[in-house]
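Trainee: I would like a close look at one part of this model, the metal site. Please take it slowly, and then connect it to the rest of the chain.

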Amino acid sequence: MSHAVARLRAERLARSVKPFVARGSRAPRCPGCRVIPEYCLCAWRPRVAAQSAMCLLMHDTEPLKPTNTGWLIADVIGDTTAFAWERKTLDAQLQALLDDPKWQPYIVFPGEFVAPERVVSEVAPGPGKRPLFILLDATWPEARKMFRKSPYLERFPVLNLQPEQISRYKLRRSKRDDHFCTAEVAAMCLELAADQHAAQALDAYLDVFSNHYLSAKHKLLLDEEDAVHRRLQTFL
Ligand SMILES: [Zn+2]
């Protein structure tokens with residue numbers, strides 16, 4: 001297993017002076033999916049093609065959290081890169097990615113926080129370009145700070161997800177609140193970029209991840225024939 005988030009996690013672990021202890025993490029976890037082996041979901045990783053690319057800017061300890069869903073994005077979307085967010089320095093590889101003319105970067109963030117001329121609600125990368133969605137993978141207060149303090153992102157349009165799309169999405173996923181995890185935000189970006197198939201695969205995979213994670217936490221029996229697994233099965 002060596003996708004961008006797995007590598008970032010390994011680097012971050014290597015830098016730790018004291019071991020990072022996530023809640024409930026005493027049991028050994030599968031290195032491929034971060035769930036305890038009896039509930040491993042490695043066999044359920046969907047493989048789909050997508051036009052879009054994802055660039056995760058991750059807050060310090062985010063790659064270490066077993067519930068981090070940026071990991072799931074990297075599992076599903078082949079063109080996923082992940083970087084540790086730094087206030088002062090811009091990673092050379094991140095710089096090269098942002099400068100590469102084959103991408104049209106969009107920073108995904110609520111439009112109310114920026115000048116209206118920078119805000120877009122549609123994904124239209126222009127001829128020869130593919131969308132690159134920059135996602136701030138952090139808690140909301142951390143993400144706001146990262147957004148304010150990253151001057152190298154100021155030249156890119158801000159993709160503001162529209163209330164109609166958000167409510168359609170909420171309805172479909174039977175969500176009651178407005179808090180979206182990073183994988184859900186990525187799925188909404190994929191929908192906007194006409195990567196419907198990848199969007200649905202990511203949603204289905206997120207549901208199976210949540211099912212395995214919560215079953216492990218509460219020591220419940222897994223039913224791999226249930227509705228969430230059957231839905232994901234069509235993307236394997
Ligand atoms: Zn696994």
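**The metal site and the rest of the chain**

Mentor: Along the chain, the donors of the zinc ion are spaced as C-x2-C-x6-C-x1-C. Keep in mind that this is a predicted model. The residues behind that pattern are C30, C33, C40 and C42, each coordinating the zinc ion through its SG atom, at 2.3 to 2.4 Å.

Next, the geometry. The angles among the 4 donor atoms run from 99 to 117°, and the site of the zinc ion is tetrahedral. As a reference, the ideal angle for four tetrahedral donors is 109.5 degrees. The assignment follows because all angles must lie between 85 and 135 degrees for four donors to count as tetrahedral, and the range of 99 to 117° falls inside those limits.

C33 has a relative accessible area of 2%, so C33 is buried, the limit being under 20%. C42 has a relative accessible area of 24%, so C42 falls in the partly exposed class.

R45 lies in the loop between α1 (4-15) and β1. The side chain of R45 meets that of D75 in a salt bridge, 3.5 Å from N to O. This pair links distant parts of the chain, since D75 belongs to helix α2 and is 30 residues apart from R45. Both D75 and R45 are buried.

β1 runs parallel to β5 (residues 130-137), and 6 bridges join the two strands. In that pairing, C55 stands opposite I134 in β5.

The loop between β1 (53-58) and α2 (70-76) holds H59. The relative accessible area of H59 is 18%, so H59 counts as buried, the limit being under 20%. Leaving aside residues up to four places away in sequence, H59 touches D137, A138, E142 and M146.

Last, the charged pairs. Side chains of opposite charge can pair when their charged atoms come close. A search of the whole structure finds 13 salt bridges. One joins E62 to K65, with the closest N and O atoms 3.0 Å apart. E62 is buried at 9% relative accessible area, whereas K65, at 22%, counts as partly exposed. Another is made by the side chains of K170 and D178, at 3.3 Å from N to O. D178 has 56% relative accessibility and so counts as exposed, the limit being over 50%. There is also a network of salt bridges that links R172, R173, K175, E184, E191, D203, D207 and R231.

Terms used:
Residues are numbered from 1 along each chain as its sequence is written. This is a predicted model: local features need pLDDT of at least 70, side-chain atom pairs count only at pLDDT 80 or more; totals for chains, interfaces and linings use all residues. Side-chain values use heavy atoms; hydrogens and water are left out. Donors are N, O and S atoms within 2.8 Å of the metal (3.2 Å for Na, K and Ca); water is not among the atoms, so sites may look incomplete. Four donors count as tetrahedral if all angles lie between 85 and 135 degrees; four count as square planar and six as octahedral if opposite donors are over 155 degrees apart and all others between 65 and 115; anything else is irregular. Buried means under 20% relative accessible area, exposed over 50%, partly exposed in between (1.4 Å probe, protein chains only). Helices (H or I, at least four residues) and strands (E, at least two) are DSSP runs, numbered from the N terminus. Contact means heavy atoms within 4.5 Å. A salt bridge is a side-chain nitrogen of Lys or Arg within 4 Å of a carboxyl oxygen of Asp or Glu. Two strands pair if DSSP finds at least two bridges between them.
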